[in-house]
Amino acid sequence: MIKRLAQLGFLFLSGFLLAVWAEELMVNWQGEHLHITAPQLHFLTGKPLERLRNGATVVFDFSLSISTNSNLKLRDRALERYAISYDLWEEKFSVKQLRTAKKPSSLLSGAAAEAWCIDNIAVGSGGVAPSEPVWMRLEVRGGDGKEAPIFGPKNIGESGISLTSLVEIFSRPASPQQLRIVAEAGPFKLGEIKRKGP
Amino acid sequence: MSSGEQRASWTAMHRLLFLLVLCGALLAGRLPDWRSSDGNQDPDTNVNTRYTVESIDLKGHAAKRLSERLQTELNRLVGEKLDPSRLGRYAEMIQKELRAKVAVRVEKGTQQGNVAVAFEIDRPTRVGLDLSAPKLTYYSNEGWSGFGQATITKADNAFKFGLVSDGDELTERFTGIRAGYENKFLLSDRVGFRFDYSNYRAQWNSATLNALAAGNQLGGPEGIYRTRESFAPVVTFALAKPLSLSVGVDFVRLQSQYPSANNESANAAISTLRYSQRWGDSDQGRHAKANDEESTDLTATYAIRTAARTLDTDLVYTRHSFGSRFAWTRGANKVIAKFTGGIINGAAPLFERFSAGNMQTLRGWNKFDLAPKGGDRIATGTLEYRYDIFTVFYDTGAVWDRGTSPSQKHGAGVGLHFAGFQVAVALPLRDGHMTPVFLVGTTF
């Protein structure tokens with residue numbers, strides 16, 4: 001009986017925490033794409049931060065998806081990989097988006113580096129009607145320093161890591177040593193989302 | 001050619017082989033290091049790669065046991081730009097050598113633009129246990145052969161214990177135990193010590209018994225034996241990076257079978273000169289396949305065993321053997337060329353005699369058809385091409401006795417080869433009938 005109550009309590013707590021996270025993911029339109037902000041989401045902490053302060057490159061994989069039908073039907077998904085390093089002398093972070101040839105963004109504070117990663121991932125509407133309820137989900141993985149095989153030439157093309165490799169990463173469970181953060185928002189309607197910029 | 005002339009030509013030949021090994025070793029010191037640096041030096045992914053390594057510090061009790069070679073390589077990093085992936089590889093090498101956990105710390109240096117690197121080495125792992133099967137083969141002419149071994153390691157010491165049943169290597173099937181102790185750090189990393197003990201019971205093929213009986217050699221010191229016991233202390237010196245020399249004594253006691261149970265000794269001074277070098281990708285294999293990288297491996301060994309009266313031996317002989325292996329790899333393509341040669345002078349016991357027609361040499365042939373009691377001369381060669389897991393090979397060679405003419409044999413085959421494990425069908429190339437031989441197994 002006590003065990004059952006404990007399980008129910010755990011489930012309630014998990015649901016509550018998930019709801020709190022969901023509130024933290026804010027969505028906005030930028031042109032034809034949906035962008036997010038998540039000021040409470042921090043991944044430059046713990047072991048990954050320790051490795052960064054030790055001069056290493058730490059890689060994080062991001063997945064942003066939009067779903068309908070009570071979060072069951074995936075309508076569109078964006079995947080990105082970022083290589084982050086910490087300048088030992090400047091004491092600032094540098095972020096490189098590996099799927100593009102863009103120059104890295106340097107001299108960022110920890111919070112700014114996290115925000116930069118989140119700002120640079122966007123997903124399309126996936127053909128969802130403005131009045132249809134949708135859910136959005138952001139998943140962050142990595143920081144364990146075991147990305148080396150993914151960096152093989154088969155996975156990195158002219159423009160960085162291949163999309164196939166990222167799909168493969170997110171289709172397998174995270175290893176126990178790997179950082180995994182999930183944040184969700186929804187249900188909401190695309191027609192109600194405010195537009196940012198022109 | 002008279003036997004005296006033959007002896008002179010063979011003596012000249014093995015001197016030449018010895019000189020070739022020596023010249024190769026000396027030449028290697030002058031060869032350029034083709035090993036490419038595949039480290040991640042991309043400044044886009046790590047801003048710290050623009051900084052210069054100011055110092056390399058080794059911390060921890062075990063640090064003083066690090067080999068001179070590795071210490072020298074680490075010191076070479078000073079003055080170079082920081083390469084985190086290269087530091088990671090060195091940490092792995094230290095971990096492997098000292099069997100201890102290693103952490104790398106990078107901090108700001110004393111001058112602007114410099115960084116200080118520290119390798120923090122933990123205490124060595126207390127006791128390690130490793131179970132392995134260095135040999136497990138099936139050759140349809142001989143049946144199964146296997147060698148299973150347990151190794152217990154503590155710091156630089158390794159204790160080994162194994163069970164063997166081998167019908168592949170020699171004309172006898174030997175079954176028994178093998179045990180040993182090894183220390184790779186005897187006062188210095190350039191000197192190692194080991195002793196090996198083995199105790200085998202020998203089983204003989206009827207072809208061997210018939211051949212010995214025909215020559216009236218069944219009994220006596222050169223005849224068959226029931227058991228074979230060996231104790232061999234050996235010291236190994238790392239002369240230069242690719243060259244090592246092992247020196248020791250092998251005390252062998254044979255319990256002969258005819259005319260009655262009697263103990264014979266075949267005590268020999270042993271000496272092995274080994275040259276092993278690799279050029280190209282250091283982590284060959286998986287990465288070489290993926291990256292289409294090129295690597296070249298060369299291994300050459302010369303061994304001499306001299307049983308002299310001074311060692312209180314019943315059998316007096318000298319056995320020279322030479323082996324070389326050249327492998328060139330590019331991506332999934334691999335070409336391997338191997339050569340073995342050997343000469344025995346004097347009255348050697350049967351386990352010292354050369355045999356071919358097994359998993360390594362003249363595959364496809366039955367060793368009891370080639371030389372049922374072995375030979376005191378051998379010369380074999382192999383040319384093999386592998387593409388990914390597919391392999392095709394050609395073997396040639398001969399085993400013969402002094403005073404007789406060698407009869408060169410040829411064999412060829414196809415098969416699969418992956419992670420040291422091979423499955424193949426080999427054919428002896430000869431006039432008349434052709435009997436394919438199936439072979440499977442792993443030999444390290």
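This is a predicted model: local features need pLDDT of at least 70, side-chain atom pairs count only at pLDDT 80 or more; totals for chains, interfaces and linings use all residues.
Reader: What makes a strand a strand?

Author: Strands are DSSP runs of E, at least two residues, while helices are runs of H or I, at least four, and both are numbered from the N terminus. Chain A comes to 4 helices and 11 strands on that count.

Reader: Which strand of chain B pairs with β14(B) over 14 bridges, besides the one above?

Author: That's strand β15 (residues 333-346) of chain B, again antiparallel. R330(B) stands opposite N333(B) in β15(B). The hairpin of β14(B) and β15(B) has 2 residues between the strands, and G331(B) there takes a positive phi near 60°.

Reader: What holds strands of a sheet together, anyway?

Author: They pair through backbone hydrogen bonds, either parallel or antiparallel.

Reader: Why are β1 and β7 of chain A called edge strands?

Author: Picture an open, antiparallel sheet of 3 strands in the order β1-β2-β7 of chain A. β1 (26-30) and β7 (122-123) each pair on one side only. β2 (residues 33-37) of chain A meets β7(A) over 2 bridges, and H35(A) stands opposite A122(A) there.

Reader: How do you know whether S94(A) is buried or exposed?

Author: Count C-beta atoms, placed from the backbone, within 10 Å: 20 or more others means buried, 12 or fewer exposed, and in between partly exposed. S94(A) has 25 such neighbours, so it is buried. S94(A) lies in strand β5 of chain A.

Reader: Which residues is S94(A) in contact with, leaving aside neighbours within four places in sequence?

Author: Contact means C-beta atoms, placed from the backbone, within 7 Å. S94(A) is in contact with S85(A), D87(A), P104(A), S105(A), S106(A) and, from the other chain, V47(B). S105(A) is 11 residues from S94(A) in sequence and 5.6 Å away, C-alpha to C-alpha.

Reader: How many residues does the contact take from chain A and from chain B?

Author: 16 from chain A and 16 from chain B. On the chain A side, β4(A) gives the largest share, 3 residues.

Reader: What makes a group of residues a nonpolar core?

Author: The members are buried Ala, Val, Leu, Ile, Met, Phe, Trp, Tyr and Cys, joined through C-beta atoms within 7 Å. The largest one has 42 residues, and F60(A), Y82(A) and I84(A) have the most contacts inside it. β3(A) gives the most to this core, 6 residues. A second, separate core of 20 residues includes V164(B), Y200(B), Y225(B) and F351(B).

Note on methods: Residues are numbered from 1 along each chain as its sequence is written. Chains are lettered from A and ligands numbered from 1 in the order in which they are written. Two residues are in contact if their C-beta atoms, placed from the backbone, lie within 7 Å. Two strands pair if DSSP finds at least two bridges between them.
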